[in-house]
Amino acid sequence: MGLPVTPPNLSSDLTGQVALVTGASSGLGHRFAEVLAACGARVAVAARRTDRLHDLAARIREAGGEAEPFALDVSAVDDIAPVVDAIEDRLGRVSILVNNAGVVDAQHATRLTREKTDQVFDTNLRGPFALSCEVARRLIAAGAPGRIVNIASMTAFDYWGGGAALYALTKGAVVRMTEVLAVEWSRFDINVNAIAPGVVASEMTDGMLARMGPDALPPFPRGRMGAPEDLDSTLVYLVSPASSFVTGTVIKADDGQNHR
Ligand SMILES: NC(=O)c1ccc[n+]([C@@H]2O[C@H](COP(=O)([O-])OP(=O)(O)OC[C@H]3O[C@@H](n4cnc5c(N)ncnc54)[C@H](OP(=O)(O)O)[C@@H]3O)[C@@H](O)[C@H]2O)c1
């Protein structure tokens, strides 16, 4: 007879949580919003293309979930606090933040314009930093716990060339941002983690393959790209009680693509 064992807390019930997903108008963010809503969270879906956000929120509501669309350009940092105010008014205080919005540079470093450089830095790094601080400030003031999940990239660790140097640089900084904010906020019960996806089918990857051709990607060990739903369980783990002792880490979810 085995010893009595307290079963692990594997609950994925997010009832009562308010989740903000940036870049929810397509790709990974669209899927993350649906998954968090399916787990019971009230979800604020944010991006610039609001028509798509309205469609997504309607779809989530039809499936029995709760979601509201919010226009947000994360690179416009002065707009962040008013949007978080609006989310708080309509859904409640944000307790889960998924910093997913991101753009690629799609250009070799020496050919980048000043405008493109600013856009990549501001969208991938400055905006997520400002938004994380805005959400954390409110959680700390309320004495409430929270979870932040940053969407990094395997390019933070492995860059095979091809015109994404600045993108890789910002994603490397997202990994370090995850580590340092986790240290600052662990005493407030705010966990900060990241997911580093490998190549996953989305508008971003479609655009990259259209620009660079099908040979742009190296041969992958399993000969496949990921699908957004391949990240579901990693996201849910990082926002669930099961990962309460996990903060400041990055989970590489890349199907072995980057470990040749
Ligand atoms: N797909 C992959 O292979 C892969 C791999 C590693 C990491 N990632 C990361 O995963 C995240 C999602 O990428 P994806 O593949 O799903 O790409 P995607 O389909 O192009 O989606 C990008 C999302 O970001 C939003 N966005 C871009 N600029 C924004 C801004 N200034 N303010 C607010 N939202 C903005 C876009 O919405 P609007 O245009 O409507 O604003 C869109 O919803 C990104 O951070 C990306 O770097 C993707």
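Colleague: At roughly what angle do the axes of helix α1 and helix α7 cross?
Modeller: Bear in mind that this is a predicted model. The axes of α1 (residues 27–38) and α7 (residues 232–239) cross at roughly 55° and come within 10 Å. Angles under 35 degrees count as roughly parallel and 65 to 115 as roughly perpendicular, so α1 is oblique to α7.

Colleague: Thanks! Which residues make that contact of α1 and α7?
Modeller: On the α1 side they are Arg31, Phe32, Val35 and Leu36, and α7 brings Asp232, Leu235, Val236 and Val239. By class, the contact of α1 with α7 has six nonpolar and two charged residues, and no polar ones.

Colleague: And what is the handedness as α1 passes α7?
Modeller: The crossing is right-handed.

Colleague: What about α1 and α2, at what angle do they cross?
Modeller: Roughly 25°, with the axes of α1 and α2 (residues 50–62) coming within 10 Å. An angle under 35 degrees counts as roughly parallel, and α1 and α2 are therefore roughly parallel to each other. Their crossing is right-handed.

Colleague: Which residues meet there?
Modeller: His30, Ala33, Glu34 and Ala37 of α1 meet Leu56, Arg59 and Ile60 of α2. Those residues divide into four nonpolar, one polar and two charged.

Colleague: Switching topic: how many residues does α4 have, and how far does α4 reach?
Modeller: Helix α4 (residues 114–142) has 29 residues. From first C-alpha to last, α4 spans 40 Å, close to the 42 Å expected at 1.5 Å a residue.

Colleague: Where is the kink in α4 centred?
Modeller: On Asp122, and the kink is about 45°.

Colleague: Which residue follows α4?
Modeller: Gly143, with a positive phi near 65°.

Colleague: Good to know. How far apart are the axes of α3 and α4 where they pack?
Modeller: They are 10 Å apart, and α3 (residues 80–90) packs on α4 at an angle of about 45°. That lies between the roughly parallel and roughly perpendicular ranges, under 35 degrees and 65 to 115, so α3 and α4 are oblique to each other. This crossing is right-handed.

Colleague: Which residues of α3 and α4 meet?
Modeller: From α3 there are Ile80, Ala81, Val84, Asp85 and Glu88, meeting Gly127, Ala130, Leu131, Glu134 and Arg138 of α4.

Colleague: And how many of those are charged?
Modeller: Four are charged, alongside five nonpolar and one polar.

Key. Residues numbered from 1 in each chain as written. Predicted model: local features only at pLDDT ≥ 70, side-chain atom pairs only at ≥ 80, totals over all residues. Heavy atoms only, no water. Axes fitted to C-alpha atoms, helices over the stretch in contact; angles between N-to-C directions. Helix = DSSP H or I, 4+ residues; strand = E, 2+ residues; numbered from the N terminus. Parallel < 35°, antiparallel > 145°, perpendicular 65-115°, else oblique. Left-handed = near helix turned anticlockwise from the far one by under 90°. Contact = heavy atoms within 4.5 Å. Nonpolar A, V, L, I, M, F, W, Y, C, P; charged D, E, K, R; others polar. Expected span 1.5 Å × (residues − 1). Bend = angle between axes of the 7 residues up to and from the residue.
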